[in-house]
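Colleague: Hi! Could you walk me through the ligand site here?

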Amino acid sequence: MTAMTTDRPTAINPDPRISMGEGSLDAQSTTPSAGPLPATQIHQMLRQQWGDALLRRLHGIGRIAANLGTPAYLVGGCVRDFLQNHPMPDIDLAIEGDVRAVAEACSAELSGAQCTYHPHFGTAILRYPDGFQLDLARCRIEHYPAPAALPEVQPAAIQADLIRRDFTINAMAISLDPEKFGEFLDPYGGRTDLQRRLLRVLHPHSFLDDPTRILRGLRFAVRFQLQLEASTRDLLEEALTQNIFARLSGARLWRELKYLLELTDLPAALEELGAWQLWPLLRPTPLEVEPLLAKIRRGQQEIHWFHRHFPDEKLCDAAVLLTILWRDIPWAAEKRLHYWPVTDGRYILNDLHRLSEIPAALAKASHPSAVAQLWESLSLPGILALLAEYPETDTITKSGRYYLLKQRGLTSPLNGKDLQAMGLAPGPQLGKVLRHLHDARLDGAIKDKETARQWLIRQGILPSIQP
Ligand code: CTP
C-alpha cells in the first residue's frame with residue numbers, strides 16, 4: 001500500500017527523506033526562508049492584485065461558509081500564482097464540509113450567482129452574471145489502493161487536504177473565514193520553495209501514487225523556472241527505475257503529455273524532458289533537441305497561422321507537434337504508437353506513412369484538383385506538420401495554406417438530391433459524378449448550378465434536352 005492515508009504522518013516534515021524548506025537554509029540554496037506573511041498583508045495584496053470586486057465576493061463566500069460551519073479556503077495553484085503576482089488565475093476553493101450546501105447558499109444569498117453541483121466529484125462551480133466563476137471542492141484525503149491507481153477519497157480538514165497534494169508550491173491555502181480572513185497556511189514551506197525556485201514533493205510515495213505528478217512537475221519546472229529539489233530528484237529516479245509509467249493508463253498519460261506539448265515554451269520543456277530522462281514517454285528513441293527546435297518553432301507558427309485564420313475551428317495542437325516528433329520513427333517501432341490514445345491518433349499514423357510522398361507528388365500534380373486531393377489525403381494536423389518542414393515562403397507552404405484557405409471549403413454546386421432530381425439513379429455512380437463535379441469546381445470549370453448542369457451535359461452525363 002503506497003497511500004497517503006489518515007495514518008500517514010501529517011506533521012510539517014512528513015518524512016525525513018524529504019528535507020522541507022520552511023524555516024531552514026536548504027542545502028541547494030542560500031536564500032533564507034520566506035518571512036511571515038500576516039493576514040493583513042495578504043488582504044492588502046489580494047486587493048491590489050485581484051481588485052475590490054473579487055475581494056467582496058471572497059468575503060461573501062467566506063461569511064456564508066462560516067455560517068454553515070464549513071470554513072472556506074483559497075487553495076492550490078491560485079495561491080501559488082497569487083504569491084508570484086501572476087495574472088488572475090483560475091480560482092479554486094476548498095471547503096471543510098458540505099460543498100453543495102455552501103454553493104447553494106451562495107447562489108441563494110449572493111445576487112445573480114448560480115451554482116452547478118457535480119455529485120459524482122463532490123465539486124461545484126459558482127458562476128456570476130459577469131461570467132466570472134469559481135470552483136469549489138471538499139477538503140479531502142486520498143488513499144491510493146495501488147501505485148498509479150485512481151485514489152479513494154474521504155472528507156478531511158484543510159491540513160490533511162494540503163498534504164495529499166503534489167508539490168509544496170501547490171500545498172498552500174488562504175483562509176476566507178471572517179474571523180481570520182487572509183490567514184496564510186503554508187505548512188510545507190511552499191512559499192520558501194517558490195522563492196528558492198525549488199520543486200519538492202510532500203512525501204516519498206508521491207510519484208508512485210500518481211505518476212502524472214512527474215509530468216505536472218516538469219510543466220511547473222518549465223513555467224516557473226524551478227529545479228528539482230535533491231531528494232525529489234532521487235524519488236523521480238526511483239519511480240522511473242520501477243517503470244511507474246507502465247502502470248498508468250494511456251489516457252491519463254496522454255492528457256499530461258498533451259498539456260506538455262501545448263506549453264508555449266515547448267523547446268524548454270523538451271530540454272527538461274531529456275534532463276529528467278523522460279524521452280521514452282514521447283517516442284522510442286531520444287531526439288537531438290537542437291535540430292528539432294527549428295521544426296517545433298515552425299510547427300507552432302503554422303498552428304498560430306491556422307488559429308488566426310480559422311478561429312472557430314477545432315485543432316488538436318498537440319497532434320501537430322506529435323506528428324513532427326514522430327516523423328522519423330522507423331516503421332518497426334511504429335506498432336507501439338498504435339496504442340496511443342491520442343485524439344486523431346489513427347490519422348497521425350496514416351499521415352506518417354504519407355508525408356514523405358506528398359512533396360514529390362505535389363510537384364507532379366497538373367491540376368488544382370489533383371493538388372487538393374493530395375492535401376485531402378492528410379489530416380489537418382498532418383498538413384500543418386508537413387508545412388512546418390518548409391520555410392513560410394516555400395511553394396509547399398503556399399500550396400498547403402492555399403488549400404486550407406480556398407480549396408478545402410469548396411463543394412460541388414449540385415448535391416446528390418439535385419442530381420437525382422435531374423434523373424440520375426442513386427448508387428456508387430452518383431458518388432463518382434459528385435466527385436467529378438467537385439474536381440471541376442476546384443479546376444475552375446464550373447462555379448454554380450447552371451455551369452455545373454452544362455458541364456454535365458458536355459460530359460454526356462445528362463442529355464442535352466435537360467432544362
Ligand atoms: N493536484 C495534485 N495532484 C494532481 C493534480 C492536482 O495534488 N495530480 C492538486 C494541486 O494542489 C494543484 C491542485 O490540485 O495545485 C489543482 O490542480 P490543477 O488545477 O490541475 O493545477 P493547478 O495547480 O491549479 O495549476 P494550473 O495553473 O496548471 O491550472
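Modeller: Happy to! Domain 1 (39-196) and domain 2 (198-280) both give residues to the shell around the ligand, so the ligand lies between them; the domain bounds come from an automatic or database domain assignment. This is a predicted model, where local features need pLDDT of at least 70, side-chain atom pairs count only at pLDDT 80 or more, and totals for chains, interfaces and linings use all residues. Residues are numbered from 1 along each chain as its sequence is written, and side-chain values use heavy atoms, leaving out hydrogens and water.

Colleague: Which residues are around the ligand?

Modeller: Among them are G76, G77, R165, D166, D210 and F220.

Colleague: Which polar side-chain atoms lie by an oxygen atom of the ligand?

Modeller: One from R80 is 3.0 Å from a ligand oxygen, and one from R223 is 2.8 Å from a ligand oxygen. A polar contact here is a pair of N or O atoms within 3.5 Å.

Colleague: And what about N170?

Modeller: There, a polar backbone atom is 3.1 Å from an oxygen atom of the ligand.

Conventions
Near = heavy atom within 4 Å. Polar contact = N/O pair within 3.5 Å; in protein donor to acceptor, adjacent residues only side chain to side chain.
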